[in-house]
Amino acid sequence: MHNLGILLSGRGSNFLAIADAIASGKIPDARIAVVISNLADAPGLAAARDRGLNAIAIESRGRKRQEHDAEIVATLQAHHVDLVCLAGYMRLLSPGFIQAFPQRILNIHPSLLPAFPGLDAQLQAFEHGVQVTGCTVHFVDEQLDHGPIILQRPVPVFPSDDPHTLADRILEQEHIAYAEAIARVLSGNYQIIGRRYLPKARTAPTKA
Ligand code: GRF
């Protein structure tokens, strides 16, 4: 059984999509061991509590990043977390955090990286005038929105869109992408070569 740790700062719709995907068997052999937020009043944290999950606020305000991150790492370890999923977690992770979970931290970003990293990616894409954008699930490394890409889903931009209709269309795809990417990573059936995430070819069972 895999233990997921979710970090969030906001409404938590990606967290809920992950919880639903576990419940429906789309992410097999996994449970959410703990949900942590740097903001005590994050709606996603209340939603986690409503679902009977361990929901913990570790406030970041007024604290040094390293010290705050060390407390989060200790909490994840205390809950035996083996995969950390950032789901709208609006803080950069310190190197110490990333090194505590090598290749075991995922993030979802609402654009087709490497286009439009950083804040308000949907608005950046809209204002740039791209006709296709989307979402990306990637491993977290020490640069913002940068690590190896696990999965992307494209989303069209229509002439009738405004930034909100576009963000909603991307969000629908985020919910599908995150669950699928987590299932892929938990299967262990991949390798990372350079920056490339490569599914391992399935070999036919050999006869004895
Ligand atoms: C999502 O758009 C995600 O891609 C970005 O932050 C937003 C979080 O939304 N990293 P939610 O809190 O999961 O609803």
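Me: What does buried mean for a residue here?
Reply: A residue counts as buried when its relative accessible area is under 20%. The model discussed here is predicted.

Me: Is Cys85 buried or exposed, and why?
Reply: Cys85 is buried, because its relative accessible area is 0%.

Me: How many disulfides are there?
Reply: The count is zero. A disulfide requires two cysteine sulfur atoms within 2.5 Å. The cysteine sulfur closest to that of Cys85 belongs to Cys135 and is 14 Å away, so the two are too far apart for a bond.

Me: And Cys135, buried or exposed?
Reply: Cys135 is buried as well, because its relative accessibility is 0%.

Me: Changing topic: which residues surround the ligand?
Reply: The ligand has around it Arg11, Gly12, Ser13, Asn14, Gly88, Ile108, Pro110, Gln122 and Glu174.

Me: How far is an oxygen atom of the ligand from the side chain of Arg11?
Reply: The distance from a ligand oxygen to an N or O atom in the Arg11 side chain is 2.4 Å. For Glu174, a polar side-chain atom is 2.6 Å from a ligand oxygen. Gly12 contributes a polar backbone atom, 2.8 Å from an oxygen of the ligand.

Me: How much of the ligand does the protein bury?
Reply: The protein buries 88% of the 370 Å² that the ligand exposes when taken alone.

Me: Last one: where does Ala125 lie, and what does it touch?
Reply: Ala125 is part of helix α5, which covers residues 121–128. Leaving aside residues up to four places away in sequence, Ala125 touches Phe116, Val130 and Thr133. Ala125 is buried, because its relative accessibility is 0%.

Terms used:
Residues numbered from 1 in each chain as written. Predicted model: local features only at pLDDT ≥ 70, side-chain atom pairs only at ≥ 80, totals over all residues. Heavy atoms only, no water. Helix = DSSP H or I, 4+ residues; strand = E, 2+ residues; numbered from the N terminus. Buried < 20%, exposed > 50% of the residue type's maximum accessible area, 1.4 Å probe, protein only. Contact = heavy atoms within 4.5 Å. Near = heavy atom within 4 Å. Polar contact = N/O pair within 3.5 Å; in protein donor to acceptor, adjacent residues only side chain to side chain. Areas by Shrake-Rupley, 256 points an atom, 1.4 Å probe, with all protein chains shown as cover.
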